Amino acid sequence: MEGLAGKVAIVTGGGGAIGRAICRRLAREGAVVAVLDIDEAAAAETARLIGSTGGRAVARTVDITDYAAVGAAVAAVEAAAGPVDILVNNAGWDRFLNFVDSDPAFWDKVIGINLGGPLNVTHHVVKRMAERGRGAIVSIASDAGRVGSSGESVYSACKGGMIAFTKTLAREMATRSITVNCVCPGPTDTPILRSFVGEGEQGKKVYDALQRAIPMKRVGQPEDIEGIVAFLVSRDAGFITGQVISVSGGLTMHG
Ligand SMILES: NC(=O)c1ccc[n+]([C@@H]2O[C@H](COP(=O)([O-])OP(=O)(O)OC[C@H]3O[C@@H](n4cnc5c(N)ncnc54)[C@H](O)[C@@H]3O)[C@@H](O)[C@H]2O)c1
């Protein structure tokens, strides 16, 4: 990947499964990675793993639903590592619940993390990028936001919202040399997916059925997502903006 060496990248949810894979990949490409997560130990572990293989990383604990706290975290990252060139909005959360069984408190939590959170982080970061006239933003949305996903109505609404936000921000930032793109994982083997499929014999049945439904006959792994993210924030993708790319083994295909 061209042009990532020495770049400063913020990855939210960098302590989680997909986030950690993205952080480690960006560090291998030479970026200085700021691992942001609400889970202090998980963020520190990602930074430790990067450091143990010769990469550069800083960890910061932040709740992305808190606009002021995000602003302080972004300022601290810039003070420690320099101007932020790359933002990966990856932090997310959901519990599987049919819409009729859910309530407004649950909607607020899902919306706060999956839509409000990325807006908070992007607002603080993109203003700085716009002043400098450079930057690359990738948001991890979901195929749930493109084609829906039973038990994930409000989460799907947030992810669909992130797709529309990406396209609009891409238009607004195009003349400032800032690219804004979206990656949509399909089912990926992480704690979120495991909580959906469940445990034991029944869980195995659901997992096997999922694999059968995917044209490439396997569930995605966190490492399947990192490459497209690294590409989209690299110089190789400098003329690509406002795009939405699924990483789903062919489960979803759009014309
Ligand atoms: N696993 C899948 O099948 C799948 C499919 C499509 C999209 N995604 C998306 O991929 C992204 C990563 O998910 P994952 O599967 O690696 O899950 P994960 O639970 O392993 O990681 C999510 C991370 O986000 C962090 N986080 C949650 N709330 C936060 C907050 N308020 N502030 C800061 N950090 C917070 C968590 O601590 C965790 O480290 C999410 O946006 C998710 O919606 C996952």
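This is a predicted model: local features need pLDDT of at least 70, side-chain atom pairs count only at pLDDT 80 or more; totals for chains, interfaces and linings use all residues.
**Exercise 1. Find the two domains of the protein chain and describe what lies between them.**

Step 1: Begin with the boundaries. The domain assignment puts residues 8–185 together with 225–247 in domain 1, and residues 189–219 in domain 2.

Step 2: Check the spacing. The C-alpha centres of domain 1 and domain 2 are 25 Å apart. Four residues of domain 1 and five residues of domain 2 take part in the contact.

Step 3: Look at the buried area. About 450 Å² is buried between domain 1 and domain 2, and carbon and sulfur atoms give 81% of that area. On the side of domain 1 that touches domain 2, there are three nonpolar residues, one polar residue and no charged ones.

**Exercise 2. Work out which residues surround the ligand and where its polar atoms meet the protein.**

Step 1: List the surroundings. The ligand has 27 residues around it, and the closest are Asp37, Asn90, Tyr155, Thr188 and Thr190.

Step 2: Now go through some polar contacts, using the cut-off of 3.5 Å between N or O atoms. A side-chain N or O atom of tyrosine 155 is 2.5 Å from an oxygen atom of the ligand. For isoleucine 18, a polar backbone atom sits 2.9 Å from a ligand oxygen. For isoleucine 38, a backbone N or O atom lies 3.2 Å from a ligand nitrogen.

Step 3: Finish with the cover. On its own the ligand has 830 Å² of accessible area, and the protein covers 90% of it.

Technical notes. Residues are numbered from 1 along each chain as its sequence is written. Side-chain values use heavy atoms; hydrogens and water are left out. Domain bounds come from an automatic or database domain assignment. Contact means heavy atoms within 4.5 Å. Buried area is the accessible area (1.4 Å probe) that two parts lose on being put together, summed over both. Ala, Val, Leu, Ile, Met, Phe, Trp, Tyr, Cys and Pro count as nonpolar, Asp, Glu, Lys and Arg as charged, and the others, Gly among them, as polar. A residue is near a molecule or strand if one of its heavy atoms lies within 4 Å of it. A polar contact is a pair of N or O atoms within 3.5 Å; within protein, one must be able to donate a hydrogen and the other to accept it, and residues adjacent in sequence count only if both atoms are side-chain atoms. Accessible areas come from the Shrake-Rupley method with a 1.4 Å probe; for residues, only the protein chains shown count as cover.
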